[in-house]
Amino acid sequence: MAATLPLVYFLRLIFIQMKTFRIVIAILAFTVATAHAQFIKAELQVNGLTCSLCSKATEKSLRTLPFVGDIKVDLNRNIFLIVFKDNVPVSLDQISKKVENAGFFVNNLKATFNFTNIHVVNNYFSYTGDTYRLVNGDNKDLNGPVALTVVEKGFAPPSVYKKYNGHASVGAPKSGRVYQVAI
């Protein structure tokens with residue numbers, strides 16, 4: 001009987017560890033399942049850059065945004081590759097304002113959005129209180145990372161803005177700002 005006592009304690013210890021393991025797995029699964037959809041990265045083309053000091057000033061301005069994780073600059077094409085921090089809300093308007101405050105203009109903004117657990121209804125979806133309208137979405141069922149181009153004044157070249165300018169935001173939810181985006 002004395003020999004079975006350590007075995008009982010040993011089995012009890014394994015049971016407790018398995019129970020703890022299951023709880024940890026359940027918490028991780030819940031965290032992954034409820035992870036907030038968000039913008040992951042962006043490709044930002046800036047007009048007016050004439051030298052490396054101009055791009056450095058713009059990069060420095062963009063780095064002050066709380067949601068910017070990293071930036072890589074392509075001086076040949078005047079493009080900033082921005083990686084956003086996880087679970088930090090991204091504001092496209094703040095990106096545009098930072099570029100303008102540095103003395104330049106956004107020529108093109110293409111941002112990758114993670115559509116996991118996001119429902120697109122009538123070509124609209126919401127993110128951080130703002131509404132995004134897919135001007136060419138055709139009510140597609142989107143999932144995972146998808147590149148979106150912002151097609152409105154202040155984010156796109158005049159030719160692109162004019163192309164989509166006639167698309168009215170009829171039936172858009174009335175909360176926050178409404179962005180026009182194309183896939």
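Strands β2 (residues 68-74) and β3 run antiparallel and share six bridges; strands here are DSSP runs of E, at least two residues long, numbered from the N terminus, and two of them pair if DSSP finds at least two bridges between them. This is a predicted model, so local features need pLDDT of at least 70 and side-chain atom pairs count only at pLDDT 80 or more, while totals for chains, interfaces and linings use all residues. Residue numbers start from 1 along each chain as its sequence is written, and side-chain values rest on heavy atoms, with hydrogens and water left out.

Now for the rings. Rings of Phe, Tyr and Trp (its six-membered ring) pair if their centres lie within 6.5 Å, with planes under 30 degrees apart called stacked, over 60 edge-to-face and the rest tilted. That rule gives 12 aromatic pairs. Phe 125 and Tyr 132 are stacked, at 5.1 Å centre to centre and 15° between the planes. Tyr 132 also pairs with Tyr 127, this time tilted, at 6.5 Å and 55°. Buried means under 20% relative accessible area (1.4 Å probe, protein chains only); Phe 125 is buried at 2%, Tyr 132 at 1% and Tyr 127 at 6%.

Definitions and conventions
Buried means under 20% relative accessible area, exposed over 50%, partly exposed in between (1.4 Å probe, protein chains only). Helices (H or I, at least four residues) and strands (E, at least two) are DSSP runs, numbered from the N terminus.
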